[in-house]
Amino acid sequence: MSDSLVFKSIRQLGGLVQAREVSPTELAEVFLDRLERLGPDYNAVVTVTRERALREARRAEEEISAGRYRGPLHGIPYGVKDLLATKDGIPTTWGAAPFRNQVFDYDATVVERLGAAGAVLAAKLAMVELAGGGGYWQPNASFTGPGITPWDKNRWSGGSSTGSGAATGAGLVPFAIGSETGGSIMSPSSNCGVAGLRPTYGRVSRYGAMALSWTLDKLGPMCLTADDCGLVLEAISGRDPKDPTTTRRSFAYDDSDVGSRRFRFGVMENVTDHVDEPTRTNFERALDVLAEVADIEEMRFSDLPHEEILQVILFAEAASAFEEIVDSGKLAELTAPEDRFGAYPRVTVLAKDYINALRLRRLVAENAEEVMSPFDALVAPTRSGVPTPVNQGFRSATLHAGKDTMMSLGNVAGLPAVSVPSGFSAEGLPTGIKFMGRAYEENAILAAARAYQSLTDWHERHPPDLLPAG
């Protein structure tokens, strides 16, 4: 029975738990074993929280036996990117060697809310050190080693949520929590062949999460399906007095059957100009599939400097967020050589440039709302290429030199997006397609992604060497 539980969706596992065909304790043991046994193969795990997981699983089991079923996450194991605070003496390392023994006496709000839904914390997952705040140039920018995609042990899992993507893609956890400031949920989701949801800015509390950029940081789920992402988002979203940037708009996941619904999708002109051949081919095939359920039109945004706006805001706020780390001299202890000095130039961002970037951010959001209003979602390749080799520096990866307007605009304006698998290269490396929507329109993009997944089976394919025997 235990092997058959791997690579089942939250929806499927939740049904088994509710029907008492499998116990939360059994589930926890299955995934704790995989985390401990396979996690090192992908540099995906910082800490396996075995004691806490079994305690939470036993409590879930008792509640369910007593008829107190909390919902689809009850008894389901998960992992979190190691920038989220956890109590019980569990380290929160921020992926950085100087903080490998750092502990907090409280749980981040996201962890608290997943606990309230009955989910079982099984692991703290690896990440790029300081979530890339040092300006890393290559995959080996974490004291746990370079994140590795489960589809090829010589290829990168994507960053900075390296472990969240790899652990979900390798079946080490049914789902994980990642964070995104400038692509850190979308990138590993595509590289690891999983679904990843970047919620609207302010939809999910960041209390207890390491800050990189207060204006841009977002937390979201990484799962096997878009449907699972909706289930997790409902559990973790909502107003939090501890994070004043959270919205008062509630979110209830609409998982109703899309049926014969016809969508309207926009495709940004020249969106495949800077992508590799497998990604372009798979995106064009995905558009052919989507044409069965949607009318697709070309569109364009204004010529605002989206990438530059994102970079100025990120650099200025990261300089403030890491001021104490810089002053302490701890940068010298980071793993990647470039991260040991990369934070210093960011303090030179001028106040007037930062203020102008914030003013332009409002114009970006207004333009996005106007341009996107006719569409259910915009569609684009999630990344510009398949996973890169772990021994290849990013600055030598010429395919990644082009600007990703959808990424930078989406993060500047705080728009939701979901990435799902779209196919594979000839070498068996995954690609992804993303659906980006207007602010607070997560249900629209999730419906679009579910419609695509109902017509394809890419999300049902998993690394062959990790599939259960038989």
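## Helix α7

Helix α7 spans residues 226-236 and is mostly covered, with 9 of its 11 residues buried. Buried here means under 20% relative accessible area, while exposed means over 50% and partly exposed lies in between, for a 1.4 Å probe and protein chains only. Helices (H or I, at least four residues) and strands (E, at least two) are DSSP runs, numbered from the N terminus. The buried residues of α7 are Ala 226, Asp 227, Asp 228, Cys 229, Gly 230, Leu 231, Val 232, Leu 233 and Ile 236. Just after α7, Gly 238 has a positive phi of about 120 degrees.

## Basis of the model

This is a predicted model, in which local features need pLDDT of at least 70 and side-chain atom pairs count only at pLDDT 80 or more, while totals for chains, interfaces and linings use all residues. Residues are numbered from 1 along each chain as its sequence is written, and side-chain values use heavy atoms, with hydrogens and water left out.

## The chain as a whole

The protein chain has 13 helices and 11 strands. Its radius of gyration is 21 Å, close to the 23 Å that the globule rule gives for 470 residues, so the chain is as compact as a globular protein of that length. The radius is taken over C-alpha atoms, and the globule rule is 2.2 Å times the number of residues to the power 0.38. Along its principal axes, the C-alpha trace spans about 60 × 60 × 45 Å.

Of the 470 residues in the protein chain, 61% are buried. Contacts (heavy atoms within 4.5 Å) also describe the fold: among those between residues at least 6 apart in sequence, 79% join residues at least 24 apart.

## Helix α2 and its cover

Helix α2, residues 24-38, has 15 residues. From its first C-alpha to its last it reaches 21 Å, close to the 21 Å expected at 1.5 Å a residue; the expected span is 1.5 Å times one less than the number of residues.

The buried residues of α2 are Pro 24, Leu 27, Ala 28, Val 30, Phe 31, Leu 32, Arg 34, Leu 35 and Leu 38. Among the elements that cover them are the helices α1 (10-18) and α3 (50-65), together with β1 (45-48), β2 (77-81) and β3 (120-125).

## Leu 121 in strand β3

Leu 121 lies in strand β3 and is buried, with a relative accessible area of 0%. Leaving aside neighbours within four places in sequence, Leu 121 is in contact with Thr 49, Arg 52, Ala 53, Glu 56, Tyr 78, Val 80 and Thr 86. Thr 93 is 28 residues from Leu 121 in sequence and 16 Å away in space, C-alpha to C-alpha.

## Cavities

Rolling a probe the size of a water molecule over the atoms shows where empty space is left. On a 1 Å grid over the protein atoms alone, a cavity is a set of points where a 1.4 Å probe fits but cannot get out, and lining residues have an atom within 4 Å of a point. Grid points are joined across faces, edges and corners, and a volume is the space filled by probe spheres set on the points. The structure holds 2 cavities of 30 Å³ or more.

The largest cavity has a volume of about 40 Å³. It is lined by Glu 56, Arg 59, Glu 63, Arg 70, His 74, Gly 115, Gly 118 and Ala 119, and α3 gives the most to this lining, with 3 residues. The lining has 1 nonpolar, 3 polar and 4 charged residues. Here Ala, Val, Leu, Ile, Met, Phe, Trp, Tyr, Cys and Pro count as nonpolar, Asp, Glu, Lys and Arg as charged, and the others, Gly among them, as polar. The second largest cavity has a volume of about 30 Å³, and helix α9 (residues 306-321) gives the largest share of its lining, 3 residues. That lining divides into 6 nonpolar, 1 polar and 1 charged, and includes Phe 315, Phe 322 and Arg 346.

## Backbone exceptions

Most residues other than glycine have a negative phi, and most peptide bonds are trans. Phe 7, in the segment before α1, has a positive phi of about 65 degrees although it is not a glycine. Phe 7 is buried, at 12% relative accessible area. Trp 94 also is not a glycine and has a positive phi, of about 60 degrees. Trp 94 sits in the loop between β2 and α4 (109-116) and counts as buried at 15% relative accessibility.

A cis peptide bond joins Gly 159 and Ser 160, with omega about 5 degrees. Ser 160 is found in the loop between β3 and α5 (162-169).

Terms used:
1 Å grid on protein atoms, 1.4 Å probe; cavity = no way out; pocket = protein on both sides within 12 Å on 5 of 7 lines; lining within 4 Å.
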